[in-house]
Amino acid sequence: MKSVGQFVRNYGPLVALVLLFIVGAAMQPEYFLKPENIRNLFAQNVDIGLLAIGMTLVIVTAGIDLSVGSILVLSAAVGLEVINGRASGGETSAVWVGSGVAILTGAALGFLNGMLVAYGRLAPFVVTLCGLVAYRSAALVVGKSGEIRSQAGEVFPNIANSGIELGFLRTATGNALNIPFSVFGLLIVAFAVHFALERTRWGRYLVAIGSNERAAHYAALPVARVKTSAYVVMGVLAGMAGLFAASRLNSVSTGSLGGLKELDAIAAAVIGGASLSGGKGRIWHTLIGVLILAIINNLLVLQNVSADWQGLVKGVIILLAVLVQRERRVE
Amino acid sequence: MLEARTITRTFGPVTALDNVSWSLRPSEVHGLVGENGAGKSTLLKILSGIYQPSSGSLALDGKEISLPTPESARNVGIAVVHQELNLIRDLNVSENIALGMEPTRGPMIDRGSQEARARDALKRVGSSIDPNQPVSELSLAQQQMVEIARALSQNAQFLILDEPTAVLSAPEVEQLMAVVENLRADGVGVAYVSHHLHEVEHLADRVTVLRDGRHVAEFERGTATPSAMANAMVGRELSEMYPTLPPAPTGDAVLTAREIRGRGLFCPLLHVRPGEVVGIAGLVGSGRSELLETLAGFRAASGQVRIGDRIIPGIPSERIAAGVALVHEDRKGTGLHLERPISENAVMARWSAYANPVIQKDKVVECAKSWRERLGIRLGTVNDPVNTLSGGNQQKVSLAKWLETKPKVLLLDEPTRGVDIGARGEIYRLMNELAREGLAVIVVSSELQELLGLCHRIHVMRKGEIVGELNREEMSEEAIMRLAAGVEVA
């Protein structure tokens, strides 16, 4: 009953991840398996993880969002400007307000994308391509085409960097391992969205719309509203990602932050088996995709492979992933 | 009672429904028949809230209602099973049945009661499909049952079935008819749209016939015989539609296919002579189109295809060069470039003759004009996009495109699908003329009357195999259906 093809589609990404992990452990046992290296695999990819989760939702509806890197930077820029404007009146409250503004900015931009796609009946590729250039440009305007430095240096970096010390895990120098809150944030978001996609009406409607939009319309589903909501969630997650990325550096460089991140997010979803023609995609598969990309990067760095080569390797890996998971054509 | 009162619906210049009144009572099966393009689908889409009438109104139990959305139709108890099945392949059976009305517990879908509900509904249609099975694994017949179950689980008082048996085998048809009869006994009003007039005769309490968007006849049970319905559908005696067949040619075949084996396809021997029209009959999914595609080289298969005295390898360009031309069933998908001008489409299969290497626009236009003359294509200018034409004229462009390759063998897949009655007659006449000029024609059609009227011989396919051949004296609807459905001859 369960064919090889089905097994590959269900567990292929997981098997690939385990294999990569073993390869990594064999190649660089003393560095790769260090607790702080594993921790960094997660901590350094929180932003891509958040984007990829949102991207999976959008892709499941047979859409695409190329603007997420730009939403990320614009949300972060706007959020940080708000924080800087209020920092003199108390950093903590400024950071709270600014964080809220950043996420709302992401939501608003996602809403705009979604409305244009769902109600304006424009191709997602085109709408979000415009977003990609426009939102980046807006971020440059906000940041006066340069870097925005945080003036809440006491509090703001805590969002990404502070965390919980796990006593039972020790770093090489013997200190307790610190797991940043952002990693927990990613995992909580992943769990919640996974649950929403698999177990709620909203999630099933996303799948139904992406699988066969006309049938979904005939079944009287609120197609346009549900589609829009996918882009809104995407925007919220891009805003969160922007917040974490800005907090890690305690600044936003409006020219580069979030650049090309949309491609990593799409790649992670695709490696995880999401189909760009819609209807297929699971959050935990996408997270595995994020980790696969992260480990490849990590290994290339540990092996001192020049950065010039990394894109080439990534491209080949993604192609392989798609080839293996390609559905046999039904005759 | 559900009523459509003097409904008219226009699409631009085309009037799809013209002042049609129609009703459906509880505990009634109301047959709705008509040729392609007669307006059946338009009426159904108005009843299901997908289209709005241009004028006229709908009423339920005497009260006027409007159905601006599919949801509003569902809310008043109307459910539709569309011809092109509308299940979501990436969801499972119970998710599909509950789609849009999922039982929830808090924010979550209540999977337990969703499954129970699906099980109930499936039981009502006498089906033992597992509610947890993905829809993509189901056969078409099973998908049909799931659609009907979905309609029932929504407590539909009125069920509209659009061509429900088009994809079913004979035993599956029996099962479906039993389900329909049970529903009628339960008080459900069923609108039954079908090309299969025998089914309609058997099931329907009343039959409405539409032709060219107009209500042309209504029959009560007993008077609705297949021949009476067919004559009303066509509006003239059927025999007048078909030109006189030239005598069956004798002599050597121009195309001979031997021992063709492809995926799910087996054709021991098929040949056609110059001037001969050979029909291929069979149920939907019996491999008819696949056979034509194999002959044209688009599908890999073992075996031998001989044109004249040469064996031609199974590569489309080789087969075309040897004189095989396939006019696809699906003009939108595989046949034509709808957005492109008529003239470009006419030379699409033979650009080489019109570009050396720069395209000679005048020659292209000249070519299209000569085909317009020859085939009687009604068009504005040959530079208009093909999608400005009616179905019948699009089909003629399709024909022109392939006749332009100077074929010896013309393969026609459902040449009159989506073509109105008038243009149909012209296409029949054209096929007849081409055969008289010595072209060999192989034609696939779901309309048995068409095959009976046009062909010297008919091959019948079942489950990918040619299971019989009928000559002019042997052929009849019954003989074809017996072979196609695999029922033993009594």
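In chain B, helix 14 (residues 391–403) includes Q395(B), helices being DSSP runs of H or I of at least four residues, numbered from the N terminus. The model is predicted, so that local features need pLDDT of at least 70 and side-chain atom pairs count only at pLDDT 80 or more, whereas totals for chains, interfaces and linings use all residues. Side-chain values use heavy atoms, with hydrogens and water left out, residues are numbered from 1 along each chain as its sequence is written, and chains are lettered from A in the order in which they are written. Q395(B) is buried, with a relative accessible area of 1% (buried means under 20%, with a 1.4 Å probe and protein chains only). Residues up to four places away in sequence aside, Q395(B) touches V327(B), R331(B), E414(B), P415(B), T416(B), V419(B) and I427(B), contact meaning heavy atoms within 4.5 Å.

Between the chains, 26 residues of chain A are in contact with 27 residues of chain B. The area buried there is about 2,300 Å², of which carbon and sulfur atoms give 53%; this is the accessible area (1.4 Å probe) that the two parts lose on being put together, summed over both. In chain A, R199(A), R201(A) and Y218(A) lose the most area to chain B, together 28% of what that side buries.

Three salt bridges are found across this interface, a salt bridge being a side-chain nitrogen of Lys or Arg within 4 Å of a carboxyl oxygen of Asp or Glu. The side chains of R204(A) and E95(B) meet in a salt bridge, at 3.1 Å from N to O. On the side of chain A that touches chain B, helix 10 of chain A gives the most, with six residues.

Terms used:
Helices (H or I, at least four residues) and strands (E, at least two) are DSSP runs, numbered from the N terminus. Buried means under 20% relative accessible area, exposed over 50%, partly exposed in between (1.4 Å probe, protein chains only).
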